[in-house]
Amino acid sequence: MMILLAGVLGACSSMSVDNSYEDSFPAGFSNREYVELHPFLLTLQIKDYVNDYNARLKKEVGISAYNVQVTQDSATLLGNIAVLQQIYLDPIYVGGTAEGWDAGVQDLVAIQTAKAAVAAGSATSADSATAKKTPALWTEVIPFNFIGVADDFTALKNMPIDSMAFSSQYVMFGRTHGWAYRACRPDEANNTARNDLPIKNAQATPAQKGEFVADMGLYCRDATGVDRLIIQ
Amino acid sequence: MNFNMNMRKILLTSAFALSATAAFAAENQAEVVTQQKSLLEKLDSLNAAVLGLKINGKAKAGALASMASSDQFNDESPTQENQAFTDVNLRLTARPSSETMIDVQLRLHKDWQSAYDENNNPIIGHWFSYDGTILNKHVDFNLGYMRVGYTPLTIYTPQTEILQEPEIFAEKRREALEKRNLDTTSRRLLQGLNVAYQSGNVAGVVDNITAQLTGARLRNTAKKYDQVFFDFDFADRYLLGARVGVDAYGAHLGANYVNLMDRKLPSRSKDITETDTVYYDKNMVFSAELGFDSKKLLPDLPITFGLNGEFAMSKWSVDRDFMAKSKQTSYSLQQKNVKGIGDVVYVGISQSEPYVRTNEDYREQDGQSIYASLFVKGNVSDLDFNVEAAYLKTDSSFWSELASSPVYQGHATILNANAFYNNPINAAIMETFGASSLENLYYNVYNSTTLQAYNLMTSENLSNALSSEVEAAEMFARLDNNYKNGHYYRNGYTGNTYKKLEAEKDYLRDLDPSVSLSLPFGLATPDRKGIMAKVDVNWADKVFFNGRVNMLTQTYADYDKWLKSGTPVIEENKFTEFAFGLGADIGAIAALDRQILVQGSFAQAKESAYLKRKTTRIVAGLTADVWGPFALLAGFQQYKKVFDKGGAPIYAGTEELPFTFFVNDASERLIMGGLRVKLASMSYLSLQYGMLTNELQYTYNVGEAMGADKLSITKNILSADVTVNF
């Protein structure tokens with residue numbers, strides 16, 4: 001997974017933090033490392049990008065032309081099982097498991113078979129009910145589907161990543177919420193885990209509703225996935 | 001003759017601005033040079049005026065009927081247009097001291113036809129200025145409207161020159177110019193501040209040191225084409241001019257600087273649409289001038305000689321604003337629930353591609369121009385003469401806007417503008433080519449019309465002034481408003497200046513070279529090289545002779561040959577222009593106590609390439625004091641324009657039915673005759689008849705049909721008016 005992320009992020013123009021904001025970051029902060037620890041930030045950005053792209057297309061071509069394209073594009077994507085699988089299994093997109101994929105394909109085939117039966121007029125009542133379902137696979141993949149693009153997986157790989165969004169997120173949210181920003185060094189393996197610090201509870205269950213206590217500590221993540229306080 | 005003098009006095013006083021105009025700037029290029037000079041001298045006595053408030057002016061009441069006939073009118077077309085009016089021009093001058101003066105001019109105009117539509121009549125103020133000669137006569141200033149001239153390559157107004165133009169014509173031309181606040185001098189109408197310093201004699205060596213600074217706003221509203229009421233655009237253009245000069249031993253050395261620029265802020269205060277483009281034009285000219293007159297060094301000789309020369313460098317650049325698509329990224333904090341982690345705040349990115357106002361450099365040109373003239377003038381036993389020979393060379397990339405905008409614009413239909421034509425081509429010719437140049441030169445119509453919702457034009461989105469809905473016209477036609485009347489004119493002159501991009505697009509100028517075929521933009525016309533000569537002779541105010549010869553060339557790209565050979569073919573377009581005029585006061589020659597002035601002139605101009613145009617003008621006239629208060633005025637003018645290669649094609653018609661036409665031949669004639677009666681001191685009755693004929697031969701192309709046809713209009717014009725000067 002780390003290798004894959006590095007590949008995606010390697011495409012970005014600048015991975016180092018902008019110098020003018022250097023003071024806002026702890027020593028050794030890097031966008032790449034931060035997003036490797038919190039890959040869902042990248043996933044959220046990709047989803048937004050796809051959503052944005054589709055919204056602009058809709059505005060550009062008009063609603064009716066857009067709807068025609070949506071129908072065509074859905075058929076294309078559903079017919080292209082290989083692309084669907086790539087997107088489903090990729091950890092930064094859907095991040096599904098092999099078992100999930102198999103179940104999803106079964107579900108998809110069942111629905112398509114039922115639809116074919118309905119179209120042929122030989123549908124049972126169970127078939128009619130199944131034909132109306134949306135495939136679970138489809139619901140999960142749809143946030144990564146560019147309307148009007150045939151090979152969505154390649155398009156997703158080529159999408160520009162804005163790394164500034166990650167560093168900004170750290171400054172505005174991650175840091176005060178005690179998010180780890182780098183991997184722990186071997187000598188930090190025994191540092192206090194964040195879960196053992198009073199701030200954990202202070203943030204999880206504030207004394208008063210709506211109160212927020214900023215976490216002043218800096219954290220690293222050890223090999224087992226535990227966030228530990230960095231001793232400064 | 002008295003009348004003439006008074007008329008001119010009034011006109012010239014209203015035109016008078018106390019600007020320091022050295023070298024050739026003060027020299028009048030237009031009409032009869034000798035007459036003008038004596039008038040300018042008389043200004044001094046006029047200006048030594050009394051302190052306090054003074055009201056002068058001119059009132060004119062009369063009627064003008066123009067009856068037109070043409071085979072190209074349609075059956076329903078009106079053929080007559082009447083004007084019946086009282087027009088009062090009030091000039092209020094207030095002198096708090098002998099040094100400064102406030103000058104306000106107001107116009108009241110009542111059209112009798114609409115007298116009962118609305119009895120209230122607004123006064124239009126058309127001249128506001130504060131002028132003076134202060135600091136012991138060392139500093140002249142103008143604030144407000146003013147007329148300023150620097151040099152022929154910097155600030156100048158190219159004028160129409162018609163040799164020996166008869167009084168009956170000249171008077172009408174001045175009247176048309178006056179309605180637009182213009183005059184026949186080469187100075188330019190501006191509005192702003194002008195300050196000029198004159199040192200006088202310094203240390204007995206230097207005769208004069210001058211320094212002048214001029215700042216003016218050239219346009220702010222509606223001056224692209226002043227055709228639509230409330231046609232405001234946000235163009236904002238300024239002039240900054242400065243000059244210095246020194247005179248010693250009869251020599252003059254000077255430097256002039258003119259800078260014109262469009263301000264961007266006002267234009268940018270208004271949104272533009274995706275298809276709009278706004279151009280910002282900058283024009284800078286620097287010139288050095290040199291003059292010498294032998295009179296100072298050799299005052300006893302009956303003959304003086306000298307030279308005037310100017311070298312100018314120009315810089316012209318345009319940049320433009322337009323709407324271009326631009327990627328924009330905006331960041332915002334978003335909250336999402338992530339499976340297994342919970343609510344996460346992240347930085348969301350949203351990309352858009354809106355149209356944003358973008359600026360880019362568009363065009364830039366630098367050019368040079370040089371002009372030098374030698375003159376000999378003198379007075380040998382009652383014979384005044386002035387002979388000049390000049391050389392001119394101007395780059396095609398030279399541009400000096402304030403020297404290149406003639407006041408004659410033409411292409412308007414002044415009289416019988418209500419006529420309808422029998423086919424779209426004839427109508428299109430009248431819309432673009434307009435009525436004859438003689439009509440534009442000599443006639444003007446000034447109306448005060450009741451304004452109502454019906455004739456108030458507003459934005460294109462509104463069907464009338466009050467509602468965006470299309471409603472019954474009857475609802476608004478009788479609805480009056482508080483402005484009551486609006487003043488409108490049909491006039492062939494303008495004080496607006498042309499930006500280079502506008503001038504480049506004005507093909508019509510090619511078709512009506514009424515200012516000059518070879519120098520349509522005056523001496524600053526780009527891409528000209530050649531020589532000019534002129535002679536003016538006046539024998540004891542009895543016989544006048546004028547002669548002009550211009551031989552100029554223009555580089556000319558022959559596209560026909562270019563296409564055939566495949567390599568650029570640049571040739572020369574040679575202009576040959578000559579004119580001569582002769583006038584004789586038979587009354588003075590025969591030693592009678594009255595003026596019997598007979599005048600005539602002939603002028604011809606042609607070019608060897610381009611459209612192969614050829615213009616011919618024949619002028620004849622009579623101005624005679626017949627008996628007692630009666631004077632007879634008559635004039636004849638024939639003007640013919642031929643385009644051997646056809647004129648520049650004009651595109652017209654509708655989207656469904658487009659067509660092109662070009663005019664290859666225009667023949668115009670104006671015959672005028674009239675009687676002027678002196679009713680009392682400064683009061684005159686004038687009765688005039690005029691016949692104006694205009695015949696245009698044109699070819700047209702409507703797609704499936706091509707052909708040649710003609711448009712011929714004859715107008716009979718009767719006018720009677722009483723003029724009182726006070």
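In this predicted model, strands S8(B) and S9(B) pair in the antiparallel sense over twelve bridges. S8(B) also pairs with S7(B), again in the antiparallel sense and over twelve bridges. The largest nonpolar core has 52 residues, and among the elements that give two or more residues to this core are strands S7 (206-219) and S9 (251-262) of chain B.

**Strand S8(B) and its partners**

- Ala248(B) of S8(B) stands opposite Val206(B), and the bridge partner of Ala248(B) in S9(B) is Ala251(B).
- Two residues lie between the strands in the hairpin of S8(B) and S9(B), where Tyr249(B) takes a positive phi near 50°.
- Side chains alternate along S8(B), which covers residues 237-248.
- One face of S8(B) is buried and carries Arg237(B), Leu239(B), Gly241(B), Arg243(B), Gly245(B) and Asp247(B).

**Nonpolar cores**

- Within the largest core, the residues with the most contacts are Leu153(B), Ile155(B), Leu239(B), Val258(B) and Tyr442(B).
- Other strands of chain B that give two or more residues to this core are S5 (139-148), S6 (188-198), S23 (630-643) and S25 (658-680).
- Helices H3 (167-179) and H6 (437-442) of chain B likewise give two or more residues, and H3(B) gives the most, with five residues.
- Leaving aside residues up to four places away in sequence, Tyr442(B) touches Phe169(B), Lys172(B), Arg173(B), Ala176(B) and Leu670(B).

**Chain A**

- Chain A contains eleven helices and three strands, which run from the N terminus in the order α-α-α-α-α-α-α-α-α-α-β-α-β-β.
- Chain A is more spread out than a compact globule, because its radius of gyration of 22 Å is well over the 17 Å that the globule rule gives for 232 residues.
- Taken along the principal axes, the box filled by the C-alpha atoms of chain A is roughly 70 × 40 × 35 Å.
- Of the 232 residues in chain A, 25% count as buried.
- Among the contacts in chain A with a separation of 6 or more, 66% are between residues 24 or more positions apart.

Key
Residues are numbered from 1 along each chain as its sequence is written. Chains are lettered from A and ligands numbered from 1 in the order in which they are written. This is a predicted model: local features need pLDDT of at least 70, side-chain atom pairs count only at pLDDT 80 or more; totals for chains, interfaces and linings use all residues. A nonpolar core is a set of buried Ala, Val, Leu, Ile, Met, Phe, Trp, Tyr and Cys residues joined through C-beta atoms within 7 Å. A residue is buried if 20 or more other C-beta atoms lie within 10 Å of its own, exposed if 12 or fewer, and partly exposed in between; C-beta atoms are placed from the backbone. Helices (H or I, at least four residues) and strands (E, at least two) are DSSP runs, numbered from the N terminus. Two residues are in contact if their C-beta atoms, placed from the backbone, lie within 7 Å. The radius of gyration is taken over C-alpha atoms; the globule rule is 2.2 Å times the number of residues to the power 0.38. Two strands pair if DSSP finds at least two bridges between them.
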